[in-house]
Amino acid sequence: MARMVCLWLPNWPLQRLRHERPELKDRPVVLFSNTGHRGPRVVAWSDATSKHKVLASGVASAPRCSANSTKDRGADAAPLACLTPGMPLAEAEALLAGRDVPAHIEQHDPAADVAGLRELARTCNSFSPLFGIEAAESPECVLLDVTGCEHLFGGEQNLVAALTRDFQQRGFQVRAALAPTIGAAWAAAHYRSPTPCGSVDSRTNPNQPGHKGLGYESLEETLAPLPVTALRLPIKIVETLRELGLHRIGQLRALPRESLPSRFGSELLHRLDQAFGNVPELLIPERPAEPIAVTWVTDEPLTDRESLRFICRELIDELIGRLKPRREGARQLLCQVKGTAARPVEMLVSLVSPSDATKHLLELLGLQIDRADLPEGISFVRLEATSIESLATRQRDLFGLEADTDTHREVSSLLDRLSNRLGATAVAHAALVPDAQPELSVRYKPCDTIGSQASGAASAPRLFAARTPTGGLTPNGTRFVSGTALAAGSSPVIVDSELPVASAIPLKVSTEGLTPPRSPICWQARPLRLFAPPQRIEATTAGPEGAPMRFHWERREYRVIRSWGPERIETGWWRDQSICRDYFRVETQTGQHFWLFRSFEQAAWFIHGAFD
Amino acid sequence: MVARDVIADLSQRIRTIERTGQRCATKSDLTANGLPGLERLLCEAGWPRGGLVEWLAEGRGTGSMCLALWASRAAWHDSLLVMIDSQRELHAPAAVPFAVDLSKTVFIRPERPPDALWSLEQALRTRGVGAVVCDVEQLSPQACRRLQLAAETGGGLGILLRPAKARGQPSFAEYRFLVQPLPPPDARRAGVAAVSRRWRVELLRGRKRFGGDSVIVELSDGPNGLSLAAELASATPAA
């Protein structure tokens, strides 16, 4: 008799997100999807986490879960219950606007969810040799075939208890059930009443009755009272059944079997048979990733780099030869070189996208070999592909460029070469951060995380739009205070999109489609070059609060002929180093424009940038 | 009519010869010039694909970079922009108003000057890179030739920001401009609400054109937002 365990991770997209980013644990999270043509829609959400509240949140993409969670949510009355699946994102944002803790809003990434669940399934290797994930559009269950494994854990109940404990200790919320078929285990994990056997709590307490897994004999009586949604049916069939008053599996069993396909289509009968073990259901096992490594050992030690390059070429060829049949490419290579010294020298080659081109990989490794401090007398070289990815993903839309794939490959090869020679942090993307303090308003992210770039860029303008206008508090607690332009007293220079921005330029030349994107700042507000840290200068001012008249910088004296400001930038006291500065843009007699500020904490003048 | 055809044919052949026979400059080899008025200094209707343009300026805060970005924004319109920033001074948010799309921009921040030059050459050589912006203090003629060849291979525009003292050095760039800030036009002192800037842009030399001409460019907030005005300066600019 087959023994199957189904581990259900309710609201897996949210659980995954919180597991990867623990800082989201205390914040409400809303996931939205942009796939439809009706604009962004809410897919899943949850309040600040706690055990029951995650169960109380909803996932719309899987109809079965949404049906289940609607039931739970009613009982729990979670504060976020005002949201419904499929609600426009803008509406949800409006509902969440007045809350103390700002909600984290992110685009739903189904592919990452599946990949994360696969990853999780592979960690179950210690419980069973056969494990996989459920075959569904948006899977939330890990399946294990534990046939013949229970004696290793001292019985079935101990096995399930150990499994759930293992997941709980890693911070996941799970419900587990053991049954002779995948369908029955799935139904029991999802729908068996929370108090006795199906739920997590009872599993950890073996004294309670009903902790044992289901057998064939008890299948009928256990499944009969469960709702029809426990059969993993499409939402359409469930609706039809509900209209006919068929709510329980037992009611379906009472109907003549041969009439079911003509009434409800073949899928219902198929699912019913799967649950009761009349037709087999296949568990597609996940294979544990095996390391792919090649080594080269010699008695005669190498002395020069050229020979090492040659050896590396041979090794890369061999490595690629093993990856080729799997249609995979290396995304990261670790090269260990051992000489007479005890410690091996390690070189890590990271790529933007997986590659199976020997020449390219050798070029990247060569850049490292040239710079590495190699040991004397190399006698051992080991090359391991520490990260492998399917080559099908290599044609992803890098930077959203509408170019042919050759160009993409050239660009990603350029980024590989640059980051391998200069270091990953030296090749970066800039992401705007809604922070009033100029030096903190941008964050540089290494280019090897291009996948996340698109979502980051998409969310940046929205964050800026949410900023309060003149004199308000920004979400992270920094404050803008608008000053008046010193001399004219009319137009305040302040960081806000209400001022004319470059996008309004009437272009006289024929440059269609070249209007720049709408920018959060206007062109004259921030300098193109920002000195880090700001440099202290000597300045003469017009008065205690006035603009600078002349200043000394880099052993030169500058006379100010025009100035704009002040723009006060102030951060909250709760920051480690709060600032309070009055910024002036000044024009010198030489026509140069600089950005100066008066620091109130230090009672001194600084130059912070040049409008180059 | 016939004469015009002959002239067009001849200038096409001259371009072919000048481009070392590899490619010939056609309309598709140009990207639009975004600075109205500057076309008086150019010999074609825009910037050459696969070429270098030098922008020289004396000192900091002269505004040469924002002019260069704004003038050549068509070059990275549908491709990648690479900004090499060895001083780690570039402030990305300030580049956005000058048509820089941060999602299609890579910032390279090498620690040593040789690495900056190496990155510049690598980026120029890559197809798919629309433009590369880099500060170049010192540049030997050999290195400059390498850069020009790299740009011809890759087809992007190399924008080199250089100090004014480089004006006497030999160059393989298509154009070399000198940017000089000018005082406010009507000598208005303090008392102006909107920020406005004026420059004299002088063509020091071009590959196909003698230098000496200059135009005056103004960037200011007009009634409809930012506006650009350009006027022809006298052919022999006062120092």
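Which residue of β18(A) does Phe551(A) stand opposite? In this predicted model, the residue facing Phe551(A) is Tyr558(A). The pair belongs to an antiparallel arrangement in which strand β17 (residues 548–553) of chain A is joined to β18(A) by 4 bridges. The hairpin of β17(A) and β18(A) has 2 residues between the strands, and Glu554(A) takes a positive phi near 50 degrees there.

Strand β18 of chain A spans residues 556–571 and is mostly covered, with 12 of its 16 residues buried. β18(A) also pairs with strand β19 (residues 580–588) of chain A, again in the antiparallel sense, over 8 bridges. Within this pairing, Trp564(A) is placed opposite Arg585(A) of β19(A). In a regular strand, side chains alternate between the two faces of the sheet.

Another part of chain A contains an open sheet of 4 strands, arranged in the order β6-β7-β1-β8 with antiparallel pairing. Its edges are formed by β6 (130–133) and β8 (175–179) of chain A, each of which pairs on one side only. From one strand to the next, the twist averages 20 degrees. Strand β1 (residues 4–8) of chain A runs antiparallel to β8(A), and 5 bridges join the two. Cys6(A) stands opposite Ala177(A) in β8(A). Helix α6 (residues 156–169) of chain A packs on this sheet, where it touches β1, β7 (141–145) and β8 of chain A. The direction of α6(A) makes about 25 degrees with that of β1(A).

Chain B comprises 239 residues, of which 58% are buried. Its secondary structure consists of 5 helices and 12 strands. Of the contacts in chain B between residues at least 6 apart in sequence, 66% join residues at least 24 apart. The chain exposes about 9,600 Å², and carbon and sulfur atoms supply 54% of that area.

Helix α4 of chain B (residues 113–125) has 13 residues. From its first C-alpha to its last, α4(B) reaches 19 Å, close to the 18 Å expected at 1.5 Å a residue. Buried residues in α4(B) include Asp115(B), Ala116(B), Trp118(B), Ser119(B) and Leu120(B). Glu121(B), Gln122(B), Ala123(B) and Leu124(B) of the helix are buried as well.

Two packed helices are described by the angle between their axes and the distance between the axes. The axes of α4(B) and helix α5 (residues 141–154) of chain B come within 6 Å and cross at roughly 25 degrees. Because angles under 35 degrees count as roughly parallel, α4(B) and α5(B) are classed as roughly parallel to each other. On the α4(B) side, the contact is made by Leu117(B), Leu120(B), Glu121(B), Leu124(B) and Arg125(B). The α5(B) side contributes Ala143(B), Arg146(B), Leu147(B), Ala150(B), Ala151(B), Thr153(B) and Gly154(B).

Leu157(B) lies in strand β7 (residues 157–163) of chain B. With a relative accessible area of 3%, Leu157(B) is buried, the cut-off being under 20%. In sequence, Leu157(B) and Thr31(B) are 126 residues apart, while in space they are 9.0 Å apart, C-alpha to C-alpha.

Key:
Residues numbered from 1 in each chain as written. Chains lettered and ligands numbered in written order. Predicted model: local features only at pLDDT ≥ 70, side-chain atom pairs only at ≥ 80, totals over all residues. Heavy atoms only, no water. Buried < 20%, exposed > 50% of the residue type's maximum accessible area, 1.4 Å probe, protein only. Pairing = 2+ DSSP bridges. Expected span 1.5 Å × (residues − 1). Contact = heavy atoms within 4.5 Å. Areas by Shrake-Rupley, 256 points an atom, 1.4 Å probe, with all protein chains shown as cover. Axes fitted to C-alpha atoms, helices over the stretch in contact; angles between N-to-C directions. Parallel < 35°, antiparallel > 145°, perpendicular 65-115°, else oblique.
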